[in-house]
Amino acid sequence: MRGRETDSAVRRAFCAAAPHTAPIFAGFWFLGLTYGIYMNAAGFSFWYPLGMSLAIFAGSMEFVTVGLLLGAFHPLQAFAMALVMGARHIFYGLSMLERYSGTGWKKGYLIFGMCDESFSINYTAEIPPGVDRGWFFFFVTLLNHFYWVFGATLGGLLGQVIRLDTEGISFVMTAMFVVIFLEQWKKEREHMGALLGVLLPLCCLLLFGAERFLLPAMGAILLALTLLRGRLSKGVRT
Amino acid sequence: MTLWQQLTTIGAVVAGTALTRFLPFLCFPAKRRVPDYVRYLGRVLPAAVFGLLVVYCFREVSLFEGSHAIPELIAVLVVVLLHRWKRQMLLSIAGGTLCYMALVQLVF
């Protein structure tokens, strides 16, 4: 009896989670496919995009890793690069500390699989009453992971066979972040944080250039939000 | 690179990525109270980080060279207008991406 109840709870969570991942399905399928095709063109068999999408599960970092694999052997640099590219995930983790608490054995996987998209869904989604939070988060993460691995592997396999003009398809990532930004904007009464998030990185981009602006930009955001704490403490809906 | 070197490189990337994701949870386990300052950051940072990610996507775009960022600006405008009109995430993303692909492949 208890087993059947658990089964239906799991199914309910899956049905609640799946629609939220629909845009990610499209985005990851395309991006993963382009990533697989890119790796194939760089001379790697489909095992590479398969294994890397499974184990790294951080889209932009996987694109960067292709370049690292083609260069000289330098694992420390690869590690540092992953830290820099992934540093925004520290922010995600801070936002999810309470939301992910009490999810039991799933927690480890939820944290491992917290890419930008899993984070933004699990952070913003309003979980319907009667649906188990832990399983909801788990299926969002698992489905996103699956889409990405599926797309990347397919891209690696089809890379040699099909000849598509995929130029510009990477814009799918830009469009997605713009939409998430707009959604976040609508949720807030106070837009100072969002504005700082655009303006400070823009300044850093102009000052430090595309290769080096990420760390100073994150530092500037952190500093500005810390200084504005008194003003912003009450401005955001929780 | 040998296969072993490739695996080490990929392993280093996996470790770095996982570390950034696990660090906050390791520093503030469930029993320990999260300081107010950290909770505040957790609440106000996402909006700023999504702004940062938008800028990050445009990091290679130049206003002064190539197509002067015109296709990017048009496509972002399409995303914003579509999203204000229908507020369907998938439609906004697909519309903007197709528009951008058409612009860079056919026009610019």
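Colleague: Let's start with His68(B): how exposed is that residue, and how many other C-beta atoms lie within 10 Å?

Modeller: His68(B) is partly exposed, because 13 other C-beta atoms lie within 10 Å, a count between the 12 or fewer of an exposed residue and the 20 or more of a buried one. Please keep in mind that this is a predicted model.

Colleague: Where is the place of His68(B) in chain B, and what is its phi?

Modeller: His68(B) is found in the loop between helix 2 and helix 3 of chain B, and its phi is near 55°, a positive value in a residue other than glycine.

Colleague: Which residue of chain A has a positive phi although it is not a glycine?

Modeller: Phe57(A) does, with a phi of about 50°, and this residue lies in the loop between helix 3 (47-55) and helix 4 (59-70) of chain A.

Colleague: Is Phe57(A) buried or exposed?

Modeller: Phe57(A) is buried, because it has 24 other C-beta atoms within 10 Å, and 20 or more are needed for that class.

Colleague: Stepping back, how many helices and strands are there in chain A, and how many in chain B?

Modeller: Chain A has 13 helices and 0 strands, while chain B has 4 helices and 0 strands. Buried residues account for 45% of the 238 residues in chain A and for 41% of the 108 residues in chain B.

Colleague: And what share of the contacts in each chain joins residues at least 24 apart?

Modeller: Counting contacts between residues at least 6 apart in sequence, 76% in chain A join residues at least 24 apart, whereas the corresponding value in chain B is 37%.

Colleague: How many residues of the two chains are in contact with each other?

Modeller: On the chain B side 60 residues are in contact with 71 residues of chain A. The elements of chain B that give two or more residues to that side are helix 1 (3-27), helix 2, helix 3 and helix 4 (89-107), and the residues there divide into 42 nonpolar, 14 polar and 4 charged.

Colleague: How do helix 10 of chain A and helix 2 of chain B cross?

Modeller: The axes of helix 10 (residues 171-187) of chain A and helix 2 (residues 36-57) of chain B come within 9 Å and cross at roughly 155°, which means that the two helices are roughly antiparallel. Their crossing is left-handed.

Colleague: Which residues make that contact?

Modeller: From helix 10 of chain A they include Met173(A), Phe177(A), Phe181(A) and Gln184(A), and from helix 2 of chain B they include Pro46(B), Phe50(B), Val54(B) and Cys57(B). By class, this contact has 11 nonpolar, 3 polar and no charged residues.

Colleague: Why would residues three or four places apart in a helix point the same way?

Modeller: An α-helix has 3.6 residues a turn, so residues with that spacing point the same way.

Colleague: Moving to Ala75(B), what does that residue touch?

Modeller: Ala75(B) lies in helix 3 (residues 70-86) of chain B, and, not counting residues up to four places away in sequence, it touches Phe171(A), Gly96(B), Cys99(B), Tyr100(B) and Leu103(B). Ala75(B) is buried, with 25 other C-beta atoms within 10 Å, and its C-alpha atom is separated by 7.1 Å from that of Thr97(B), 22 residues apart along the chain.

Colleague: What about Ala220(A): which residues does that one touch?

Modeller: Ala220(A), in helix 12 (residues 214-227) of chain A, touches Leu200(A) and Cys204(A), again not counting residues up to four places away in sequence. Ala220(A) counts as buried because it has 20 C-beta neighbours inside 10 Å.

Colleague: Last topic, helix 2 of chain A: how many of its 20 residues are buried, and what span should the helix have?

Modeller: Helix 2 of chain A is mostly covered, with 15 of its 20 residues buried. At 1.5 Å a residue, helix 2 (residues 22-41) of chain A should span 28 Å, and its end C-alpha atoms are 29 Å apart, so the two values agree. Just after this helix, Gly43(A) takes a positive phi of about 100°.

Colleague: At what angle does helix 2 of chain A pack with helix 9 of chain A?

Modeller: Helix 2 and helix 9 (residues 133-158) of chain A pack at about 35°, with their axes 6 Å apart, and the crossing is right-handed. The residues of that contact divide into 14 nonpolar, 9 polar and no charged.

How values were computed
Residues are numbered from 1 along each chain as its sequence is written. Chains are lettered from A and ligands numbered from 1 in the order in which they are written. This is a predicted model: local features need pLDDT of at least 70, side-chain atom pairs count only at pLDDT 80 or more; totals for chains, interfaces and linings use all residues. Axes are lines fitted to C-alpha atoms, for helices over the stretch in contact, and angles run from 0 to 180 degrees between N-to-C directions. Angles under 35 degrees count as roughly parallel, over 145 as roughly antiparallel, 65 to 115 as roughly perpendicular and the rest as oblique. A crossing is left-handed if the near helix is turned anticlockwise from the far one by less than a right angle, and right-handed if clockwise. Two residues are in contact if their C-beta atoms, placed from the backbone, lie within 7 Å. Ala, Val, Leu, Ile, Met, Phe, Trp, Tyr, Cys and Pro count as nonpolar, Asp, Glu, Lys and Arg as charged, and the others, Gly among them, as polar. The expected span of a helix is 1.5 Å times one less than its number of residues.
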